[in-house]
Amino acid sequence: MWGSRRDLNLMEALARYENLAKYEGNGIVITRQGVIPGNRRKRQEEILGRKRLWSAQFPEGTFLKLDSNKLPINDDPYTDSAASTDFSAFQMPQLIVKQSWQASIGRFQAAVVKSDERTSQGIICSESCVSIHTSEGNIRILKAACLIYNSKIAVYYLFLSNGFFALYRPKVTVKDLLNVPIPSKEEVNLDSIKTSDGVDQFTNRLFALKDSEYTL
């Protein structure tokens, strides 16, 4: 899928960074696609009473952080009969990543969950999302990932590494998302970043891109 030698060189450089798939393999993060209703033949009490994100869009005004107080409470315990019973990826700290490219903004979307003041539980989400959980000591990984998934770099990387996304389908697989490079050594203050341009400027610094690379 690479369009030029410069694209190939940049993709090879980006691929050297850690990613969520590697972090999961090392036991640092837990990931899971959202809840699949499917045939609704399995009753799972654990998802009852949890805040849920079922819509195709984040709540209005969401940017990098998702306020769970804006979400409804789930009152439906039924999932697909083959659905996983492991909900450990839906704990706090938590990052939610949308699998679909958002045409209106030309980017993917991700947000770190801000928990309900009355509970420390994370939210549950639909199958159109991926949930990522890690320990408090590794929350910098979630913050860095949040920025990168919202950046032009994520679009560039997924466009060139995923044939379906590049050709006709603005949606990527969970595996594709987890392979996006995530440099996470630098602490990220999400509150200090107010715009998409600010996201791109910060991610450019995280990857230490040259001007020519950023132009790509």
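Predicted model: local features only at pLDDT ≥ 70, side-chain atom pairs only at ≥ 80, totals over all residues.

**First stop: Glu 186 and Arg 205**

Select Glu 186 together with Arg 205. The two form a salt bridge, and their closest N and O atoms are 2.6 Å apart. Arg 205 belongs to helix H7 (residues 196-207), while Glu 186 sits in the loop between helix H6 (174-178) and H7, so this pair ties together parts 19 residues apart in sequence.

**Second stop: Asp 76 and Arg 40**

Next, select Asp 76 and Arg 40, whose side chains form a salt bridge with 2.7 Å between the closest N and O atoms. This pair links distant parts of the chain, 36 residues apart: Asp 76 is in the loop between strand S4 (64-67) and strand S5 (78-79), and Arg 40 is in the loop between strand S1 (29-33) and strand S2 (42-43). Asp 76 is partly exposed, with a relative accessible area of 23%. Arg 40 is likewise partly exposed, at 40% relative accessibility.

Now select Arg 43 and Glu 45, which meet in a salt bridge of 2.3 Å, N to O. Arg 43 has a relative accessible area of 45% and is partly exposed; Glu 45, at 48%, is partly exposed as well. In total, the count comes to five salt bridges.

Select residues 139-149, which make up helix H3. Eight of its eleven residues are buried, so the helix is largely enclosed by the rest of the structure. The buried residues of H3 are Ile 141, Leu 142, Ala 144, Ala 145, Cys 146, Leu 147, Ile 148 and Tyr 149.

**Final stop: the whole chain**

Clear the selection and view the entire protein chain, which contains eight helices and nine strands. Its C-alpha trace spans about 50 × 35 × 35 Å along the principal axes. The radius of gyration is 17 Å, in agreement with the value near 17 Å for a compact globule of 216 residues. Of these 216 residues, 47% count as buried. Among contacts with a separation of 6 or more, 81% are between residues 24 or more positions apart.

Colouring by charge shows 28 positive and 24 negative side chains, and the centres of the two sets lie 2 Å apart.

Terms used:
Residues numbered from 1 in each chain as written. Heavy atoms only, no water. Buried < 20%, exposed > 50% of the residue type's maximum accessible area, 1.4 Å probe, protein only. Helix = DSSP H or I, 4+ residues; strand = E, 2+ residues; numbered from the N terminus. Rg over C-alpha atoms; globule rule 2.2 N^0.38 Å. Contact = heavy atoms within 4.5 Å. Lys, Arg positive; Asp, Glu negative; His and termini not counted. Charge placed at Lys NZ, Arg CZ, Asp CG, Glu CD. Salt bridge = Lys/Arg side-chain N within 4 Å of Asp/Glu carboxyl O.
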